[in-house]
Amino acid sequence: MELELRHPMREAVESELDRLRPGLIADGGNVELIDVDDDGTVRIQLQGTCRTCPAQVATLRIGIEDPLKKAVKGVSAVVPV
């Protein structure tokens, strides 16, 4: 049985993303948490209409990164993968 090691911030980041998801889903998109690095970089994958939306950068920075940084201590950046 393999033990999966998770970053200590992962649960808090996922919880905050759950709070943000309804707005994304209402516009036909979504976000999936891929990983949280030791330096506080959160790696996400935008899904649905968020992948091709012209406002993707604004959504990423204002709609996801800023709230995550305010809600979860230690988040340094949000990077789409």
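Helices (H or I, at least four residues) and strands (E, at least two) are taken here as DSSP runs, numbered from the N terminus. On that basis the protein chain of this predicted model holds two helices and three strands, which follow one another from the N terminus as α-β-β-α-β. Residues are numbered from 1 along each chain as its sequence is written. Because the model is predicted, local features need pLDDT of at least 70, side-chain atom pairs count only at pLDDT 80 or more, and totals for chains, interfaces and linings use all residues, while side-chain values use heavy atoms, with hydrogens and water left out.

**Overall dimensions and surface**

- The C-alpha trace spans about 40 × 30 × 20 Å along its principal axes.
- About 5,200 Å² of the protein chain is accessible surface, and carbon and sulfur atoms account for 53% of it; the areas come from the Shrake-Rupley method with a 1.4 Å probe, and for residues only the protein chains shown count as cover.
- Of the 81 residues, 35% are buried, where buried means under 20% relative accessible area, exposed over 50%, and partly exposed in between (1.4 Å probe, protein chains only).
- Contact means heavy atoms within 4.5 Å; among contacts between residues at least 6 apart in sequence, 47% join residues at least 24 apart.

**The sheet**

- The three strands form an open sheet in the order β1-β2-β3, with mixed pairing; two strands pair if DSSP finds at least two bridges between them.
- β1 and β3 (77–80) are at the edges and have a single partner strand each, so one side of each lacks a neighbour in the sheet.
- From one strand to the next, the twist averages 35°; axes are lines fitted to C-alpha atoms, for helices over the stretch in contact, and angles run from 0 to 180 degrees between N-to-C directions.
- Strands β1 (residues 29–36) and β2 (residues 41–48) run antiparallel and are joined by seven bridges, with Asn30 opposite Gln47 in β2.
- The hairpin of β1 and β2 has four residues between the strands, and Gly40 takes a positive phi near 90° in this hairpin.
- Four bridges pair β2 with β3 in the parallel sense, and Thr41 stands opposite Ala77 in β3.

**Helices**

- Helix α2 (residues 56–71) packs on the sheet and touches β1, β2 and β3, with its direction at about 145° to that of β3.
- Helix α1 (residues 10–26) lies across β1 and β2 and runs at about 165° to β1.
- Glu16 belongs to helix α1 and counts as buried because its relative accessibility is 9%.
- Apart from neighbours within four places in sequence, Glu16 contacts Pro67, Leu68, Ala71 and Val72.

**Cysteines**

- The structure has zero disulfides, a disulfide being counted as a pair of cysteine sulfur atoms within 2.5 Å.
- Cys50 is in no disulfide, and its nearest cysteine sulfur, that of Cys53, lies 6.6 Å away.
- Seen from Cys53, the closest cysteine sulfur is in Cys50 at 6.6 Å, which is too far for a bond.
- Cys50 counts as buried at 9% relative accessibility, whereas Cys53, at 31%, counts as partly exposed.
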